[in-house]
Amino acid sequence: KLHPSLRLRRNCAMFALRGQLLPSMGRHRMRSVPFRSPIAISVPQRSDDDGQQQHEQQVRQYGRTCPAVRRHALRKKRAASGAASAKTEDTASTGAAGKDATAAFTTSSNAHSAATTTAAAAAASVLNLNNLKVSSNDGPTMEVAQSMPINYAHMDNISLLTLSAMNNEKARAEMLRRHIMVIDNVSYSEACLTFKKIDIEIRKGMFVHSIPYKLGIMAAGGAAVGSIPLCFHLPTVEWFNELYVTTDVPPPEDLETWLEVGTWAWNWMEPPLGQISFFLLCLSFARAQISNLGVQPYTAKLKTLRADKIVRKFPQYDEGVLTDYSKSINFY
């Protein structure tokens, strides 16, 4: 025989599985039920409405229910709430799972619908060939060929935004033209005239800003070309030795070939060339660390200053569009 407390727990669990509570029981006493294996227990199929009605009847009659029945009712309530939320998510409509669950699902459903709509619009804009047929044997059809844009003015907005994010100068220029059309409420031809004024303003002073770069190109190119005769051309090596080095000149039999001349000149050419190479290596490393810190180098700083000037001169237009186009223009 089982202990009374254990028998009470067993009976509560069995009636919880059956989804019913005998009306004839007292508040805590339950009728003894012969024990059967869990596999042999047959659970009657009852609807959720029947269980809810019995639960309400027991609450009215006894003031409370068995803990096992309360847990069973709570689990059924949670399962019903989850099923309603899942059904609402599939159908993209509000459900009856409760105010909190409905509000949370409505927010996620709206976000999902917006993302789906945006992705569909982007795909349709980029491809623009959903309803066109392409021949697998003879190549594209005439409809596909006619739908291909031949310049940036024929592209859709999504394509221009994509190319603009890739730092494409012409795409950013076309974005600025269309932005001028919207802000000034003018035609495309009039917007192109305004765009030319902005472009001329951006390109002012480019020659002055490009002088340091041109000087660097000339210095580097001259040093590269001049290093060859300074190492292997005997008259040039002798002239340089006489003016700047003043070392002993080897006998003529040791200067018969250009390699022997290079061996002699390398005695004084190696220190400056090695030092210059190490100096440039250190500068390159320092520039990399400056970029890691987010500090703008000389070129980026000049482009930022130029973009700020254009934004101040044309404040009626969007700052981001003007800045992107200004920074995409090089100094040459």
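Which residues in α8 meet which residues in α13? In this predicted model, where local features need pLDDT of at least 70, side-chain atom pairs count only at pLDDT 80 or more, and totals for chains, interfaces and linings use all residues, F195, I198, D199 and I202 in α8 meet L322, Y325 and S326 in α13; contact here means heavy atoms within 4.5 Å. By class, this contact of α8 with α13 has 5 nonpolar, 1 polar and 1 charged residues (Ala, Val, Leu, Ile, Met, Phe, Trp, Tyr, Cys and Pro count as nonpolar, Asp, Glu, Lys and Arg as charged, and the others, Gly among them, as polar). Residues are numbered from 1 along each chain as its sequence is written, and side-chain values use heavy atoms, with hydrogens and water left out.

As for geometry, α8 (residues 188-202) and α13 (residues 319-328) pack at about 55 degrees, with their axes 11 Å apart (axes are lines fitted to C-alpha atoms, for helices over the stretch in contact, and angles run from 0 to 180 degrees between N-to-C directions). That makes α8 oblique to α13: under 35 degrees counts as roughly parallel, over 145 as roughly antiparallel, 65 to 115 as roughly perpendicular and the rest as oblique.

Then there is α9 (residues 206-232), which packs with α12 (residues 298-313) at about 170 degrees, the axes being 12 Å apart. These two are therefore roughly antiparallel. M206, H209, P212 and Y213 in α9 meet Y298, T299, L302 and R306 in α12, a set that divides into 5 nonpolar, 2 polar and 1 charged.

Note on methods. Helix = DSSP H or I, 4+ residues; strand = E, 2+ residues; numbered from the N terminus.
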